[in-house]
Amino acid sequence: MQLDNTAALVTGGASGLGAATAKALADHGAAVYALDLPSSIDGAPDVKGVTYVGADVTDAEQVRASVATAADGGVPLRTVINCAGIGPSMRILGKKGVHDLALYAKVVQVNLIGSFNVLALAAEAIAETEADAGGQRGVIINTASMPAARDLAQYGIRVCTIAPGIVETPMLATVSEEFRASLAAGVPFPRRLARPEEYAQLALSIIAHDYLNGETIRMDGALRMAPR
């Protein structure tokens with residue numbers, strides 16, 4: 001699928017994976033709408049071709065309005081990439097006790113329900129667009145979430161998932177350099193943390209490869225975490 005003269009919606013687009021992906025899509029000709037919390041957008045970089053939209057992925061009405069903004073920009077909405085997510089550092093059972101259930105519920109609300117909310121409402125908008133010569137209307141890429149490819153195939157929408165390993169994003173900003181080095185040392189090859197730009201590169205490859213559908217792709221340097 002070509003990105004020229006199409007619109008793309010990227011969640012979590014103000015930083016990390018989302019920011020790198022939004023820039024990559026814009027560099028390849030898409031009109032990109034980067035969805036993120038208003039507080040995150042305030043410090044987001046100014047990138048040519050990227051329009052920031054303030055919204056909470058867990059709020060259906062805010063997401064619906066954001067999708068409408070992307071779909072009504074004059075070119076068809078073809079690409080949606082779910083990068084929004086949170087990753088609080090807490091063990092199921094640690095030195096301070098059992099994992100806080102309210103915090104876990106928040107992670108599920110943002111990472112799972114938020115992604116599904118965007119996927120469903122964006123698919124609704126993409127399904128209304130005119131298909132290209134190959135019968136394709138769009139592609140949705142999730143981050144470590146169950147693909148919905150079977151449901152959306154009838155509308156000409158592909159769905160793939162990227163399962164990243166340990167990526168050098170703002171989520172890791174709270175840990176020490178020594179701890180980051182120890183994480184990198186556990187990656188077989190390349191022995192380093194992944195870069196947000198590599199996530200963006202893989203997303204572009206999925207978009208360009210029209211026969212790739214219903215697939216979960218690991219991007220982790222062959223990392224397989226051993227039990228503690």
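Leu93 lies in strand 5 (residues 93-94); strands are DSSP E runs of at least two residues and helices are H or I runs of at least four, numbered from the N terminus. Leu93 is exposed, with a relative accessible area of 66% (exposed means over 50%, buried under 20%, partly exposed in between; 1.4 Å probe, protein chains only). The model is predicted: local features need pLDDT of at least 70, side-chain atom pairs count only at pLDDT 80 or more, and totals for chains, interfaces and linings use all residues. Residues are numbered from 1 along each chain as its sequence is written, and side-chain values use heavy atoms, without hydrogens and water.

- Seven strands form an open sheet in the order 3-2-1-4-7-8-9, with parallel pairing (a pair needs at least two DSSP bridges).
- Strand 3 (50-54) and strand 9 (216-219) are at the edges with a single partner strand each, so one side of each has no neighbour in the sheet.
- Strand 7 (residues 138-143) and strand 8 (residues 157-164) run parallel and are joined by six bridges.
- Gly138 has Ile157 of strand 8 as its bridge partner.

**Helix 1**
- Helix 1 (residues 16-27) packs on the sheet and touches strand 1 (7-11), strand 2 (31-36), strand 3 and strand 4 (77-82) (contact means heavy atoms within 4.5 Å).
- Thr21 is found in helix 1 and is buried, with a relative accessible area of 1%.
- Leaving out residues up to four places away in sequence, Thr21 touches Val10, Ile81, Cys83, Tyr199, Ala200 and Ala203.

Definitions and conventions: Axes fitted to C-alpha atoms, helices over the stretch in contact; angles between N-to-C directions.
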